[in-house]
Amino acid sequence: MCKQVKNPRSPDYIPSVFTSATLSPNTEEANAFEPFDKQEAQVEAANALLFLQGQGRSSDGRNPCQAEPESTSSCLNSDDEIKDGEGTEEIVLESENESEGEEPERKSLTKSVVYEAKVNALKKENMKLKESLEKMSLTEASFKNDPEKVQFYTGLPNYFVFETVMWLLVPHMKGDTNAKLSKFQQLLLTLMRLRLDLRNQDLAYRFGVKVSTVTRTVHRIINVMFTTLVPTAVFWPSRLELRKNLPEAVKRTHPDCAVIIDCFTASLEKAVSIDTHRQGARATRDVTAPSSQSAFISELKYVIGVAPQGAVMFVSRGAPGNISDKTLVESCGLLDKLLPGDVVLAERDFDIKDLVGAHRAELTITTSERHEIDQRNQDTRDEALLVSTERMNVYRHVERVIQMVKKRYSMLTGPVESAFTVIDRSTNVTTFDKMVQVACALNNLCISAVPLD
């Protein structure tokens, strides 16, 4: 049982309704404990205040003064310390609490910075991978800003020319909504077939489609280009247009030059039979025809007429490879294009001088001229030096023009697949003949990118 304390300032003071009596000598004994009671009350009040402010807790959540109740004086030693050092104690406790609170915040901030750096690094890596994938892919975006890629896969000088061809062909291309290949991919696939002579299986892997899809696409786009692009790009210009833009190498020595002619052959993958009574490329797979009317051939021959500026003006249909140059030129329709006074240049000897003369034109063989110039230079080198240089330039020019057409599209050199030698009944022309003329039309779109002088 607690002893009653009559000191009103003591926490144990109990008020009474009775009149207080005169303090007895025992009051002095109570007063002796007054400083201690007062000190204890102030300590408890200070701790309560610190507890309410959340500043008097230790790291384990307990009051530092409650952790060691027997050493109460370690928190507050005297009345003077409470009165004079109360603010200092609060500042110390606050600073300790702030240091404890700053540590998690600092760790959290550090983690945030590290995470952000990792995210940025992953974004950069992702961007590089996307760019690398875009360069390797065969998409429209990967071709737009890469003229070297356009030229390698299509033979065209830049994306603008490719886009022009697309603009010309799109109205005539089928708009199949379920098609696995876009119109861009259909044209690209066909040009890659002509340019690089890639097999259908290879193209099927590259575009992620079946071989049958590649086969149908190539035949369909070739037909569209044959009926649309070839008439627009392959034609015989007027004499005025031919004379207007002659290269200097030709203009000084052969100002009346109308065409440069040559022949090239394409080997067949498999020998096919042709009707010997037909002229030109009338290849067919009908091996049951009588031997008197058909013969097996292993290559096709074409005659090509090129303007001095480098554009293809004429290309014949394919003929059996064993046919003579004279027979081919006479039957292909090239001579009908000549006008009186025209000069025909050829890199090699053609036995068609009488045929050309019949149209009142002239045939000039550049290789023969070169030999004559070499012979003349041995005797009168100084006098013929200028003429020799100009004629040699013509020879190099003719050679370059012919090689440019023959090498731009690898498929023209063969071997030609048997499926391309079948005659299309609607046009009476084989698919490979169409491909040759399409390649020549595409070549005419590229001549501006090749210097001719």
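Author: Buried means under 20% relative accessible area, exposed means over 50%, and partly exposed lies in between. The model discussed here is predicted.

Reader: Is N428 buried, partly exposed or exposed?
Author: N428 is found in the loop between β8 and β9 (429–430). Its relative accessibility is 34%. That value lies between the cut-offs of 20% and 50%, so N428 counts as partly exposed.

Reader: What is the phi of N428, which is not a glycine?
Author: N428 sits in the loop that joins β8 and β9. Although N428 is not a glycine, its phi is positive, at about 60 degrees.

Reader: R360 also has a positive phi although it is not a glycine. Is R360 buried or exposed?
Author: The phi of R360 is about 55 degrees. R360 belongs to the loop between α14 (353–358) and β7 (362–365). Its relative accessibility is 62%, and since the cut-off is over 50%, R360 counts as exposed.

Reader: How many helices and strands does the protein have, and what share of its residues is buried?
Author: The secondary structure comes to 17 helices and 9 strands. Of the 453 residues in the protein, the buried ones make up 41%.

Reader: Among contacts between residues at least 6 apart in sequence, what share joins residues at least 24 apart?
Author: V315 and D262 show a separation in sequence of 53 residues, with their C-alpha atoms 9.9 Å apart in space. For the protein, the share of such contacts that join residues at least 24 apart is 63%.

Reader: How many residues of α17 are buried?
Author: Helix α17 covers residues 431–444. Its 14 residues should span 20 Å at 1.5 Å a residue, and the end C-alpha atoms are 20 Å apart, which agrees. The helix is mostly covered, and the number of its 14 residues that are buried is 14.

Reader: Which residues does N444 contact, leaving aside its neighbours within four places in sequence?
Author: N444 lies in helix α17. With a relative accessible area of 12%, N444 is buried. Beyond its sequence neighbours within four places, N444 is in contact with A233, V234, A311 and V312.

Reader: V315 lies in strand β4. Which residues is V315 in contact with, leaving aside neighbours within four places in sequence?
Author: Strand β4 runs over residues 312–315. V315 is buried, its relative accessible area being 9%. Setting aside neighbours within four places in sequence, its contacts are V303, I304, V436, Q437 and C440.

Reader: Which residues make the contact between α9 and α10?
Author: Helix α9 (residues 200–207) packs against α10 at about 105 degrees, with the axes 8 Å apart. That makes α9 roughly perpendicular to α10. The contact is made on the α9 side by N200, Q201, L203 and A204, and on the α10 side by V211, V214 and T215.

Reader: Is the crossing of α7 and α8 left-handed or right-handed?
Author: The axes of helix α7 (residues 159–169) and helix α8 (residues 183–196) come within 11 Å and cross at roughly 115 degrees. α7 is therefore roughly perpendicular to α8. Y159, F162, V165, M166 and L169 of α7 meet K183, F184, L187, L188 and L191 of α8. The crossing is right-handed.

Reader: F420 is placed in the loop between α16 and β8. How far apart in space are F420 and F432, C-alpha to C-alpha?
Author: At 2% relative accessibility, F420 counts as buried. Not counting residues up to four places away in sequence, F420 touches R193, H219, M411, T430, T431, F432 and M435. F420 and F432 are 12 residues apart in sequence, and their C-alpha separation is 5.1 Å.

Reader: S418 lies in the loop between α16 and β8. How far apart in space are S418 and L268, C-alpha to C-alpha?
Author: S418 has a relative accessible area of 14% and is buried. S418 and L268 are 150 residues apart in sequence, while the distance between their C-alpha atoms is 7.3 Å.

How values were computed: Residues numbered from 1 in each chain as written. Predicted model: local features only at pLDDT ≥ 70, side-chain atom pairs only at ≥ 80, totals over all residues. Heavy atoms only, no water. Helix = DSSP H or I, 4+ residues; strand = E, 2+ residues; numbered from the N terminus. Buried < 20%, exposed > 50% of the residue type's maximum accessible area, 1.4 Å probe, protein only. Contact = heavy atoms within 4.5 Å. Axes fitted to C-alpha atoms, helices over the stretch in contact; angles between N-to-C directions. Parallel < 35°, antiparallel > 145°, perpendicular 65-115°, else oblique. Left-handed = near helix turned anticlockwise from the far one by under 90°. Expected span 1.5 Å × (residues − 1).
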